[in-house]
Amino acid sequence: MLNLRICSLRRLTAFALAGVVAATFIARAEDRSPNAATQAEGVVAHGGMVVAQEARAARIGVDILQKGGNAVDAAVAVGFALAVSYPRAGNIGGGGFMMIHLANGEDTAIDYRETAPGAINAGSFLDAQGNADPQKSRASALAIGVPGTVAGLALAEQKYGSGHFTLADLIAPAIAMARDGITLDENMTDEQTNILARLAHWPAAAKIFLKADGSGLAAGDRLVQSDLANTLDSIAHDGPDAFYEGPIAWKIAAAVQSAGGVMTVDDLKDYRAVERAPVRGSYRGYDIVSMPPPSSGGVELIEMLNILEGYDLAHDDATQTLYLMIEAMKRAYADRALFLGDPDKVKNPVAQLISKDYAARWRATIDPQRATPASEIHAGAAADSEGHNTTHFSIVDRFGNAVSNTYTLNFSYGVGLVADGTGILLNNELDDFAAKPEAPNAYGLIGFEANEPGPGKRPLSSMTPTIVLKDGKPFLITGSPGGSRIITTVLQVIVNVIDRGMGIAEAVAAPRVHNQWTPDQVYAEPALSPDILAALESRGDRVVPQRLFTSAESILMTPEGLVGAADPRTAGALAVGY
Ligand code: DON
């Protein structure tokens with residue numbers, strides 16, 4: 001299969017190149033769309049650093065670091081805090097991935113991705129005609145995966161926490177915020193009609209997150225989450241079993257089933273977070289440590305970096321660098337669609353996909369001047385996404401430990417359903433399965449058998465929490481929300497730092513491009529210079545504008561200290577250190 005596709009790439013149509021105009025990579029401030037910050041500044045610290053998409057949670061993490069906690073302690077506290085202070089994406093009703101680098105040199109990955117309930121099968125998200133039914137996989141209770149966050153955070157703390165804090169200590173700040181309430185800032189309010197409708201659909205969610213007239217909460221309003229406080233309190237007292245067994249689990253299963261879903265108390269009881277060996281690669285003398293399947297992120301990131309390593313990006317102009325990155329993206333995303341899925345259920349050809357030889361074969365198919373039309377590789381499908389639905393945080397402590405964590409409910413507020421009496425917002429993660437071969441998910445990603453729905457199976461993810469090491473020590477910690485755009489975001493942050501010599505704030509703020517093989521188009525952020533866009537189009541790429549919906553909360557180790565960069569695309573994100 002691989003060879004066939006490489007051969008088909010060799011027969012590519014040529015496109016004429018006309019008028020490539022060199023342009024700066026960072027656009028002028030006035031080119032940026034209004035919701036992007038006009039400048040990005042790094043925050044320097046020498047003790048520890050937390051960069052997160054919500055400021056209260058970031059400060060809670062730094063407080064734990066200052067009290068002698070390690071990066072994992074802080075990550076667990078931030079993870080529970082965001083479930084309260086950033087409910088559109090922070091969660092205990094969803095799942096995610098935590099990459100950990102330990103000061104002793106060990107790297108590990110905690111996989112707390114949601115699993116499909118036992119009654120889910122390959123036909124679960126099809127309509128009566130056998131077509132993929134997005135309503136089922138995105139908006140119905142069938143879409144809800146068994147949540148992994150509580151098990152994942154508890155596993156991380158038990159194995160890799162400093163031992164100076166109990167799980168209860170780390171949950172306490174979240175409980176206080178849920179019980180006492182928080183005053184909402186501008187960046188925490190939602191006015192989009194699709195989000196309000198999602199919440200309004202479920203009375204238990206509406207009574208917490210909407211006003212009586214159905215409008216959204218406004219800046220200055222107080223969000224009190226008493227049921228969530230009680231749920232967190234039970235977890236603090238009795239550990240993760242309080243979530244997966246007993247009254248909370250009964251309420252989750254009852255809520256899902258009465259909404260038409262199939263999750264049972266046994267599905268919850270059977271859930272396990274899994275520790276996995278990270279996927280590892282190298283790039284120009286740096287080690288890349290990232291998330292293995294069931295994320296596609298680490299494999300595809302390394303595959304793209306391997307392809308790009310064969311070029312002199314440090315001396316190429318901005319257009320050529322972007323062009324080559326786009327060509328690498330198309331090829332990696334084609335592989336993603338065909339080959340990757342839950343490693344506990346299907347075989348993933350990871351070693352092949354991340355090998356330097358394999359990248360060299362892909363590289364041989366790239367014409368340096370003429371874009372490869374993805375339509376010749378495979379038929380396309382349309383993307384339909386929304387932003388801010390996932391959340392990433394990066395943490396470094398003074399001991400040399402680092403955590404890169406991305407977790408999600410999939411859409412903003414997941415499926416929108418709160419299990420009545422628990423305050424827990426539930427995900428719609430099962431849309432990340434390929435409901436049917438070639439039927440796009442909400443991010444336009446397609447897939448085949450490897451990622452078909454199945455009982456107990458984890459849907460393939462794009463979340464790419466990543467730690468770049470230099471001489472075995474943390475150098476760059478990064479990751480992002482953004483669905484299919486996550487992997488290419490992480491790629492560009494790494495290339496901007498390593499090849500283009502940017503500081504971390506500049507590397508994070510720089511406008512990004514994205515290509516996911518199908519549909520055959522390059523998504524470009526508004527700040528990219530029109531000259532660069534014209535140059536890409538002249539090589540045969542179809543460029544379409546995209547909203548800013550990734551957010552690479554990052555930390556770079558420099559001779560001056562730790563430099564944290566909150567992505568200016570997220571209002572309210574904060575880098576804070578001590
Ligand atoms: O796991 C995934 O790849 C998706 N469910 C992540 C969704 C996401 O990042 C949405 N964010 N804007």
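Start your selection at Tyr407: at 0% relative accessibility, this residue counts as buried (buried means under 20% relative accessible area, exposed over 50% and partly exposed in between, with a 1.4 Å probe and protein chains only). Before you click on, note that this is a predicted model, in which local features need pLDDT of at least 70 and side-chain atom pairs count only at pLDDT 80 or more, while totals for chains, interfaces and linings use all residues. Residues are numbered from 1 along each chain as its sequence is written, and side-chain values use heavy atoms, with hydrogens and water left out.

**Stop 1: aromatic rings**

For the cut-offs: rings of Phe, Tyr and Trp (its six-membered ring) pair if their centres lie within 6.5 Å, and planes under 30 degrees apart count as stacked, over 60 as edge-to-face and the rest as tilted. The pair links distant parts of the chain, with Phe393 in strand β10 (residues 390–396) and Tyr407 in strand β11 (residues 402–408), 14 residues apart. Strands (E, at least two residues) and helices (H or I, at least four) are DSSP runs, numbered from the N terminus. Select Tyr112 as well, and you have one aromatic cluster of Tyr112, Phe393 and Tyr407.

How many aromatic pairs does a search of the whole structure find? There are 7 aromatic pairs. Another of interest joins Tyr358 and Trp362, with centres 6.1 Å apart and planes at 70 degrees, so it too is edge-to-face. These two residues sit 4 apart in helix α16 (residues 356–363), separated by about one helical turn, and both Tyr358 and Trp362 are buried.

**Stop 2: charges over rings**

Select Lys470 and Tyr286: Lys470 lies over the ring face, at 4.7 Å from the ring centre. Then try Arg485, whose charged end sits over the ring of Tyr523, 4.3 Å from its centre. The rule asks for NZ of Lys or CZ of Arg within 6 Å of the ring centre and within 35 degrees of the ring normal.

**Stop 3: strands**

Colour β16, β17 and β18, which form an open sheet of 3 strands in the order β16-β17-β18, with mixed pairing. Here β16 (513–514) and β18 (543–545) are at the edges with a single partner strand each, so one side of each is left without a neighbour in the sheet. Two strands pair if DSSP finds at least two bridges between them; β16 and strand β17 (residues 522–524) pair in the antiparallel sense over 2 bridges, and Val513 stands opposite Ala524 in β17.

Next, go to strand β20 (residues 561–565), where 5 of the 5 residues are buried, so the strand is largely enclosed by the rest of the structure. Which strands pair with β20? Strand β1 (residues 43–45) is joined to β20 by 3 bridges and runs antiparallel to it, with Val44 opposite Val563. Strand β19 (residues 554–558) also pairs with β20 in the antiparallel sense, over 5 bridges, and a hairpin joins β19 to β20 through 2 residues. At that end, Thr558 has Gly561 in β20 as its bridge partner.

**Last stop: Leu338**

Finish at Leu338 in helix α14 (residues 318–339). Leu338 is buried, with a relative accessible area of 16%. Select Ala450 too: the C-alpha atoms of Leu338 and Ala450 are separated by 7.2 Å, though the residues are 112 apart along the chain.
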